[in-house]
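Visitor: I have a chain open and would like to go through it with someone. Can we start with the overall layout and then look at single residues?

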Amino acid sequence: MALMKRCCFCWSLRGGSYLSAIHVIINYIIGFALIAWQLAAMNAHIVVNGWYEQPTLIKIFFILFILRLFFYLFVIFSSFLLIYAVYNYQASRFLPWIISVLISFLYDVPVMALFWGLLWPDMGVYFNIETIWLIFSVVMYALFTLLTVYALACVYTYYRKIKYYA
């Protein structure tokens, strides 16, 4: 039983898998840039607001964000591998993409919830550029996460179709 018959309401499963790979490449490149910006913002926030008194928390966030950068690079690489796999109908090469996107999603959601939960109250009620960027990153992250989950369902359906029905 297939999860869906068509991807994105108008694409075939194969075309939707291509589109999913391209979406994830673009999404994770933007995410990579956003993480780099968040690292810079964390550093500026640390210097300005005196977070240097909590070095353990800072070390944990820097390590988690650097790990996210490596996850994002691996997902981008596996997306190119997915494009190759869809082109050649190789179901075994779908697995790195499926696993990396799933792991990245399961890792990103708690880390970002922790980051926003700890940083948001410290921002205060002032409407400055840091607050605007934090709100922007929350909204964009939620949107891209929903699209990535849909892409994961599309690619998994096509993987099952190739593996079991072809």
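Guide: Going from the N terminus, the elements of the chain run α-α-α-α. The model is a predicted one.

Visitor: How many helices and strands does the secondary structure of the chain come to?

Guide: There are four helices and zero strands.

Visitor: What share of the chain is buried?

Guide: Of the 166 residues in the chain, 41% are buried. The chain exposes about 9,600 Å², and carbon and sulfur atoms supply 76% of that area.

Visitor: And the contacts with a separation of 6 or more, what part of them comes from residues 24 or more positions apart?

Guide: Such pairs account for 77% of the contacts in the chain with a separation of 6 or more.

Visitor: Now the largest nonpolar core. Which residues touch the most other members?

Guide: Those are Phe-65, Leu-82, Phe-94, Trp-97 and Ile-98, in a core of 37 residues. At least two residues of this core come from each of α1 (13-49), α2, α3 (95-123) and α4 (129-165).

Visitor: Which helix gives the most to this core?

Guide: That is α2, with 10 residues.

Visitor: Stay on α2, then. Where is Ser-79, and what is Ser-79 in contact with?

Guide: Ser-79 is placed in helix α2. Setting aside neighbours within four places in sequence, Ser-79 is in contact with Ala-21, Val-24, Ile-25 and Trp-97. Trp-97 is also one of the core residues that touch the most other members.

Visitor: Why does Ser-79 count as buried?

Guide: Because its relative accessibility is 0%, and buried means under 20%.

Visitor: What about Leu-69, which helix is that in?

Guide: Leu-69 also belongs to helix α2, which covers residues 55-88. Leu-69 counts as buried because its relative accessibility is 15%.

Visitor: What does Leu-69 touch, apart from residues up to four places away?

Guide: Leu-69 touches Phe-32, Ile-35 and Leu-39. Between Leu-69 and Ile-35 the C-alpha to C-alpha distance is 7.2 Å, with the two residues 34 apart in sequence.

Visitor: Which element has the largest share of the lining?

Guide: The largest share comes from α1, with nine residues.

Visitor: And what is the lining of the largest pocket by class?

Guide: By class there are 15 nonpolar, seven polar and two charged residues.

Visitor: Back to single residues. Which helix holds His-23, and is His-23 buried or exposed?

Guide: His-23 sits in helix α1. At 19% relative accessibility His-23 counts as buried, because the cut-off is under 20%.

Visitor: What is His-23 in contact with, leaving aside neighbours within four places?

Guide: With Phe-144, Leu-147, Thr-148 and Ala-151. Phe-144 is also among the residues closest to the centre of the largest pocket.

Visitor: One more. Which residue has a positive phi although it is not a glycine?

Guide: Tyr-89, with a phi of about 55°. Tyr-89 lies in the loop between α2 and α3.

Visitor: Why is Tyr-89 called partly exposed?

Guide: Because its relative accessible area is 49%, and partly exposed lies between the buried limit of under 20% and the exposed limit of over 50%.

How values were computed:
Residues are numbered from 1 along each chain as its sequence is written. This is a predicted model: local features need pLDDT of at least 70, side-chain atom pairs count only at pLDDT 80 or more; totals for chains, interfaces and linings use all residues. Side-chain values use heavy atoms; hydrogens and water are left out. Buried means under 20% relative accessible area, exposed over 50%, partly exposed in between (1.4 Å probe, protein chains only). Contact means heavy atoms within 4.5 Å. Accessible areas come from the Shrake-Rupley method with a 1.4 Å probe; for residues, only the protein chains shown count as cover. A nonpolar core is a set of buried Ala, Val, Leu, Ile, Met, Phe, Trp, Tyr and Cys residues joined through side-chain atoms within 4.5 Å. On a 1 Å grid over the protein atoms alone, a cavity is a set of points where a 1.4 Å probe fits but cannot get out, and a pocket is an open set with protein on both sides within 12 Å along at least five of seven lines; lining residues have an atom within 4 Å of a point. Ala, Val, Leu, Ile, Met, Phe, Trp, Tyr, Cys and Pro count as nonpolar, Asp, Glu, Lys and Arg as charged, and the others, Gly among them, as polar.
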